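Please have the sequence and the 3D view open beside you.

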Amino acid sequence: MNTPFQDPKPQRHSRASGRVTIADVARLAKVSPMTVSRALKTPALVQLEARERIAAAIQQLGYVPNQAASTLASAKSQVIGVIVPSLSNSVFVDTLSGIRDSLNQHGYTFLIGESGYSPETESRLIGSYLAHAPDGFLLSGIEQLDSLRELLAANTIPSVRMFDLGANGNGVTVGFSHEAAGHSIARHFIERGYRRPGFLGAQLDPRMIKRRQGFRKGLSDAGIDPDIEVLTPAPSTVELGTQMLGQMLRQTPGCDAVFCCNDDLALGVLFECQRRGLSVPSQMAIAGFNDLPWSAFANPGITTIVTPRYEIGFTAAQLLVKMLKHEPIENPNVDLGFRLAIRDST
């Protein structure tokens, strides 16, 4: 093996920005910038001795290829922008796992942004991500700002919306009916004989509102008062669930069942029932939403809606790749459904 060429006084920063460039590498390796580029992209086309000098120069200078320049040359960044409401919520972590596994099959990476359930923050994130020239976006929900829709359309960037279903105006969507899920909980309570069920809702994001609407309709259809509820814009936590049940019981002492907008609240309700000595489910039935991993192992196990979180991410990413390849989308609104898991809490 030939000894790598060493410049005794390499110039590490040739630009005002201080970033090492491909020209710096070429100068140190005594080759042309085109040869460096070729060695990085198609090394088999470059002689071994030159590749060794280039590799040594890259290591010595700490050169990092400029992705923006590569994007300009190829018109493809191989990057997907992904916006989810929360990075601490395991619901969205599961979906990101599906996205990762799907995109890895096609050589894509992705940028992750957290909107905090704010359409304005979502729009701001996407505006900043456009500087990275993403090939497409995976977005949460179908309630984007009109200005964002116009921005994506003006830049001809395809997108897929997750966690909900929409009409044609919402483009390609992957999710399930939150209204139908809420309605199924109402029917379940009624079938079990509960006559004063209530609803506990936090965060008040659009998908939660749809669950509430479905639940209320199910109760109304059966002639049961749908107005027994406690709502708050605060983020869902187990502690909040304990507090909301206390408020519910103060408002409606005869409440005999509660549908919680997610499993965190449901676990808090279960803890509060145990603290108050209320028997579950004979004195208070509890249902949650999302089927978080511990829901089945609580004592008693919590009845909940099982949602296809991983599958939503995987399928949405697959559809976006098809759009990028200009392949036809047979069904622009993919309903992956849900399942009611009935456990001892009801």
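How many cavities of 30 Å³ or more does the structure hold? The structure holds 1.

## Before we start

This is a predicted model, in which local features need pLDDT of at least 70 and side-chain atom pairs count only at pLDDT 80 or more, while totals for chains, interfaces and linings use all residues. Residues are numbered from 1 along each chain as its sequence is written, and side-chain values use heavy atoms, with hydrogens and water left out.

The largest cavity has a volume of about 50 Å³. On a 1 Å grid over the protein atoms alone, a cavity is a set of points where a 1.4 Å probe fits but cannot get out, whereas a pocket is an open set with protein on both sides within 12 Å along at least five of seven lines; lining residues have an atom within 4 Å of a point. Grid points are joined across faces, edges and corners, and a volume is the space filled by probe spheres set on the points. Around the largest cavity you will find Asn89, Val91, Asn262, Asp263, Asp264, Phe289, Asn290 and Leu292. By class, this lining has 3 nonpolar, 3 polar and 2 charged residues (Ala, Val, Leu, Ile, Met, Phe, Trp, Tyr, Cys and Pro count as nonpolar, Asp, Glu, Lys and Arg as charged, and the others, Gly among them, as polar).

Now for the largest pocket, with a volume of about 430 Å³. Its lining has 28 residues, and Asn89, Phe92, Tyr117, Gln203 and Asn262 lie nearest its centre. The lining divides into 12 nonpolar, 10 polar and 6 charged residues. Helices α5, α9 (206-221) and α12 (309-324) each supply at least two residues of it, and α9 gives the most, with 3 residues. Helices (H or I, at least four residues) and strands (E, at least two) are DSSP runs, numbered from the N terminus.

## The sheet of six strands

Look next for the open sheet of 6 strands, in the order β2-β1-β3-β4-β5-β11 with parallel pairing. Two strands pair if DSSP finds at least two bridges between them. Strands β2 (109-114) and β11 (333-335) stand at the edges with a single partner strand each, so one side of each is left without a neighbour in the sheet. From one strand to the next, the twist averages 20°.

Inside this sheet, β3 (residues 136-140) and β4 (residues 159-162) pair in the parallel sense over 4 bridges. Leucine 139 has arginine 161 in β4 as its bridge partner. Helix α5 (residues 90-104) lies across β1 (79-84), β2, β3 and β4, at about 160° to β2. Helix α6 (residues 119-129) also packs on the sheet, touching β1, β2 and β3, and its direction makes about 145° with that of β2. Here, contact means heavy atoms within 4.5 Å. Axes are lines fitted to C-alpha atoms, for helices over the stretch in contact, and angles run from 0 to 180 degrees between N-to-C directions.

## The sheet of four strands

Another open sheet has 4 strands in the order β7-β6-β8-β9, with parallel pairing. Its edge strands are β7 (229-231) and β9, each pairing on one side only. Neighbouring strands are turned by 15° against each other on average, direction ignored.

Strands β6 (residues 197-201) and β8 (residues 257-260) run parallel and are joined by 4 bridges. Phenylalanine 199 stands opposite phenylalanine 259 in β8. Helix α9 lies across β6, β7 and β8, at about 175° to β6. Helix α10 (residues 238-251) packs on the sheet too, touching β6, β7 and β8, with its direction at about 140° to that of β7.

## A pair of crossing helices

How do α1 (residues 22-29) and α2 (residues 33-41) meet? Their axes come within 8 Å and cross at roughly 105°. The two helices are therefore roughly perpendicular to each other (angles under 35 degrees count as roughly parallel, over 145 as roughly antiparallel, 65 to 115 as roughly perpendicular and the rest as oblique). Ile22, Ala23, Val25 and Ala26 in α1 meet Pro33, Val36 and Ser37 in α2. By class, this contact has 6 nonpolar, 1 polar and no charged residues.

## Backbone details in the loops

Two prolines deserve a look. A cis peptide bond joins valine 280 and proline 281, with omega about 15°, and proline 281 is in the loop between α11 (263-276) and β9 (285-287). The peptide bond from asparagine 299 to proline 300 is also cis, with omega near 5°; proline 300 is found in the loop between β9 and β10 (304-306).

Finally, tyrosine 117 has a positive phi of about 65° although it is not a glycine. Tyrosine 117 sits in the loop between β2 and α6, and Tyr117 is also among the residues nearest the centre of the largest pocket.
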